[in-house]
Amino acid sequence: MEKRGQFTNWAIELQSLAQDGLEYGHDRFDLERYTRIREIATEMMSAKTGLPIKQVKELFSSDDGYQTPKLAIRAAIFNDEKILLVKETTDEHWSMPGGWCDPNLTTTENCIKEVKEEAGREVKIEKVIALIDKSVNVHNQKRVERAVNCCSVFFLCKELGGKFVVNTETTEYDYFDVDHLPPLSVNRTTADEVKMCLKAAHDPYWQVICD
């Protein structure tokens, strides 16, 4: 697979240096320079991707503090060989329930919370399926490029019940055959990830996949 280009690498490095400078710098003139460097990196990524500056800023340069990988979770819930997916309000495509981890919760607590919020289901965590680096240059060239790696923990979950309610993040939920999936929100869920989760559900000796 072709790796991301040097232009993108330069923009990402500039963004990282600027963010660290804003975190640890004290001189107001230096802070102004770091702020401008961050703006330039954002403008570079906007020019590269064709996305509006505002959207690029939200995805690429809105974090603060020392730059480290971000952590998210995804929940794989099966019923009669079908997987539960939710329809995202952002792009009207489908994904496994999940999202960014909140700092005051463990990964399993985050998983349970996200499934409840997005799918209205109560679940029990059965096992970890994978810890996958979701970076654009690793798994999917169509993903939105970010300044840092984004790692997702995939959990196999057992549904215990519940009731779906339309919310700010999702408008529908349903179970789908793994070989006949709806349009997926590929920044969140890919068909290969769904198939990986089904294999894990069938294998009592599953070995966790780690990038």
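**Exercise 1. Determine in which element Ala18 lies, whether Ala18 is buried or exposed, and which residues are in contact with Ala18.**

Step 1. Ala18 belongs to helix 1, which covers residues 6-24. Helices (H or I, at least four residues) and strands (E, at least two) are DSSP runs, numbered from the N terminus.

Step 2. The model is a predicted one, in which local features need pLDDT of at least 70 and side-chain atom pairs count only at pLDDT 80 or more, while totals for chains, interfaces and linings use all residues. Residues are numbered from 1 along each chain as its sequence is written, and side-chain values use heavy atoms, with hydrogens and water left out.

Step 3. The relative accessibility of Ala18 is 1%, so this residue counts as buried. Buried means under 20% relative accessible area, exposed over 50%, and partly exposed in between (1.4 Å probe, protein chains only).

Step 4. When neighbours within four places in sequence are left aside, Ala18 is in contact with Tyr34, Ile37 and Arg38. Contact means heavy atoms within 4.5 Å.

Step 5. Thr42 lies 24 residues from Ala18 along the chain, and the C-alpha atoms of the two are separated by 11 Å.

**Exercise 2. Name the residues of the negative surface patch, and describe Glu81 and Asp179.**

Step 1. Asp80, Glu81, Asp177 and Asp179 form the negative patch. Lys and Arg count as positive and Asp and Glu as negative; His and the chain ends are not counted. The place of a charge is taken as NZ of Lys, CZ of Arg, CG of Asp or CD of Glu.

Step 2. Asp179 sits in the loop between strand 7 (170-177) and helix 5 (191-202). Its relative accessible area of 61% makes Asp179 exposed.

Step 3. Glu81 is in the loop between strand 1 (70-79) and strand 2 (82-88), and is partly exposed at 44%.

Step 4. Most residues other than glycine have a negative phi. Glu81, although not a glycine, has a positive phi of about 70°.

Step 5. Glu92 also is not a glycine and has a positive phi, of about 60°. Glu92 lies in the loop between strand 2 and strand 3 (94-95) and counts as exposed at 57% relative accessibility.

**Exercise 3. State how many salt bridges a search of the whole structure finds, and examine three of them.**

Step 1. The search finds twelve salt bridges. A salt bridge is a side-chain nitrogen of Lys or Arg within 4 Å of a carboxyl oxygen of Asp or Glu.

Step 2. Lys113 and Asp102 meet in a salt bridge of 3.2 Å, N to O. Lys113 lies in helix 4 (residues 107-119) and Asp102 in the loop between strand 4 (98-100) and helix 4, so the pair ties together parts that are eleven residues apart in sequence. A network of salt bridges links Asp102, Lys113, Glu114 and Glu117.

Step 3. Glu159 and Arg121 form a salt bridge at 3.0 Å, N to O. This pair links distant parts of the chain, with Glu159 in strand 6 (residues 150-162) and Arg121 in strand 5 (residues 121-133), 38 residues apart. Glu159 counts as partly exposed at 26% relative accessibility, whereas Arg121 counts as buried at 9%.

Step 4. Between Lys116 and Glu122, the closest N and O atoms of the salt bridge are 2.9 Å apart. Lys116 is partly exposed at 41%, and Glu122 is partly exposed at 36%.

Methods
Patch = residues over 30% accessible without salt bridge, like charges linked within 9 Å, V, L, I, M, F, W, Y side chains within 5 Å. Areas by Shrake-Rupley, 256 points an atom, 1.4 Å probe, with all protein chains shown as cover.
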